[in-house]
Amino acid sequence: MTAKATTSATWEQDVINAPGPVLVDFWAAWCGPCRMVSPVLDEIATENPDKITVLKLNVDENPDLAMKYQITSIPAMKVFQGGEVKTSIIGAKPKFALEKDLAAYLG
C-alpha cells in the first residue's frame, strides 16, 4: 500500500476531518532525501493501516499549505490528530527511527 496524495483541495477532508491520526509527508519531486524516505513511509502505511493514515503533500504544487505549516526544509512529516499538529519530524530517517518517533500512534 503506498501513501496516497493529498492536495489543498482535499486537505480538509483528508487531514483535518480524519477520524484518526494522519501522517503527512511534505515532499517535492526534486528532493533526494524525500525519495529515500518515501518507500519507508509506504512500508509503515502498509504495516499499520488501522493505526495511522499516511499521506503525501507536494509542496511545489501546494505552496499555501507548505507556508501555513511553516515547512522550511523537506522532507518534513507532521502527524495531525483532531485537525491539529501533534508531532513534527524533520529529515529523512531510517525506518526504526521513524517508528520510534511514531510509537505513540503505532503502539
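Buried here means under 20% relative accessible area, and the residues of this predicted model are described on that basis in the close-up views below.

**View 1. A salt bridge joins Lys4 and Asp14.**
Because Lys4 belongs to strand β1 (residues 4–5) and Asp14 to helix α1 (residues 11–16), the contact ties together parts that are 10 residues apart in sequence. This pair can be set against a total of 7 salt bridges found in a search of the whole structure.

**View 2. Lys56 and Asp25 form a salt bridge between two strands.**
The side chains of Lys56 and Asp25 come together with an N to O distance of 3.6 Å. The pair links distant parts of the chain, since Lys56 is found in strand β3 (residues 53–58) and Asp25 in strand β2 (residues 22–27), 31 residues apart. Lys56 counts as buried at 11% relative accessibility, and Asp25 likewise counts as buried, at 0%.

**View 3. Glu99 and Lys95 pair within helix α4.**
In this salt bridge the N to O distance is 4.0 Å. Because Glu99 and Lys95 are 4 residues apart in helix α4 (residues 95–101), about one helical turn separates them. Glu99 is partly exposed, with a relative accessible area of 28%, and Lys95 is also partly exposed, with a value of 21%.

**View 4. Trp11, Phe26, Tyr69 and Phe80 form one aromatic cluster.**
The structure holds 5 aromatic pairs. In one of them, the rings of Phe26 and Tyr69 have centres 6.4 Å apart and planes at 45°, so the pair is classed as tilted. This pair links distant parts of the chain, with Phe26 in strand β2 and Tyr69 in the loop between α3 (63–68) and β4 (76–81), 43 residues apart. Both Phe26 and Tyr69 are buried.

**View 5. The rings of Tyr69 and Phe80 meet edge-to-face.**
Here the ring centres lie 5.1 Å apart and the planes stand at 90°, so the pair of Tyr69 and Phe80 is edge-to-face. Tyr69, in the loop between α3 and β4, is linked in this way to Phe80 in strand β4, 11 residues apart. Tyr69 is buried, with a relative accessible area of 13%, and Phe80 is buried with a value of 0%.

Technical notes. Residues numbered from 1 in each chain as written. Predicted model: local features only at pLDDT ≥ 70, side-chain atom pairs only at ≥ 80, totals over all residues. Heavy atoms only, no water. Buried < 20%, exposed > 50% of the residue type's maximum accessible area, 1.4 Å probe, protein only. Phe/Tyr/Trp six-rings, centres within 6.5 Å; stacked < 30°, edge-to-face > 60°.
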